[in-house]
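Hello,

Here is the structure we talked about passing on. My notes follow below it.

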Amino acid sequence: MTSFLDPLIAFVSAHAWLAYLTLFLAALLEAVPVVGSVIPGSTIILALSALVPGGELKLPWVLLAAALGAVLGDGSAYWIGHRQQREILDTWPLTNYPRLVAQSESFFHRFGTWAVFFARFVPPIRAFVPVTAGALGMAPAKFYAVNIPAILAWAPAHVLPGVLAVSALHEYAGLHHHGHVGKHIWILTVVAVAIVVSVGLWFIRRRHGSGVAEAKPRG
């Protein structure tokens, strides 16, 4: 894995714009209904944040790329729901995920406007709440008044842990930036935790039902 990470870090250092584009797309796709439930956007953002302390990436641009991707992803999902109303929730591919759609509706009814804020931090319904908010008639002004502050909190929450962890390893553990050891430790930890969580969720869903069902027959 280390032999793979070193060339990756060198590539990012030479082509930083591709890393910013990757961060943007990761945040955007994670907010798309259905797609966001399988794209490991948060894992990608957390992992790439390790490249900020060594100067391969710049913190303001990392935050901006992640925030813009999330705004565009959430906003697009919301407007699809807003234009098609509740009909979108009974349309493919959402009909293949009745459990997640039901959970997002329940989440929205339970927390109201604040569901848009809280959902930003709760995968996988994060990818379903914006479209649900639009489908259930939430006003655009109210949606963005909650969604944008949520994203402004979400982006640093996903970027700063990697920055602080790698910086601490270099500062207090005596690791050098040029050796990339701190970056390796953080990236491998993030990937390992993501795998463990994914496997755990897979077992839970397998035990209690995957939430994936056949599309409803059309009348």
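Along the sequence, the pattern is α-α-α-α-α-α-α-α-α. That makes nine helices and zero strands; both are DSSP runs numbered from the N terminus, with helices (H or I) of at least four residues and strands (E) of at least two.

This is a predicted model, where local features need pLDDT of at least 70, side-chain atom pairs count only at pLDDT 80 or more, and totals for chains, interfaces and linings use all residues. Residues are numbered from 1 along each chain as its sequence is written, and side-chain values use heavy atoms, with hydrogens and water left out.

Confidence comes as pLDDT (the predictor's score for each residue, from 0 to 100). The protein's mean is 81, and 86% of its residues reach 70 or more. Helix H4 (residues 59-84) is highest, with a mean of 93, and helix H1 (residues 2-14) is lowest, at 70. Over residues 210-219 the pLDDT is below 50.

Among contacts (heavy atoms within 4.5 Å) between residues at least 6 apart in sequence, 76% join residues at least 24 apart.

What lines the largest cavity? Asp74, Val116, Ala119, Arg120, Arg126, Val129, Pro130 and Asn147 do. Helix H6 (114-119) and helix H7 (129-135) each give two or more residues to that lining.

Best wishes

Terms used:
1 Å grid on protein atoms, 1.4 Å probe; cavity = no way out; pocket = protein on both sides within 12 Å on 5 of 7 lines; lining within 4 Å.
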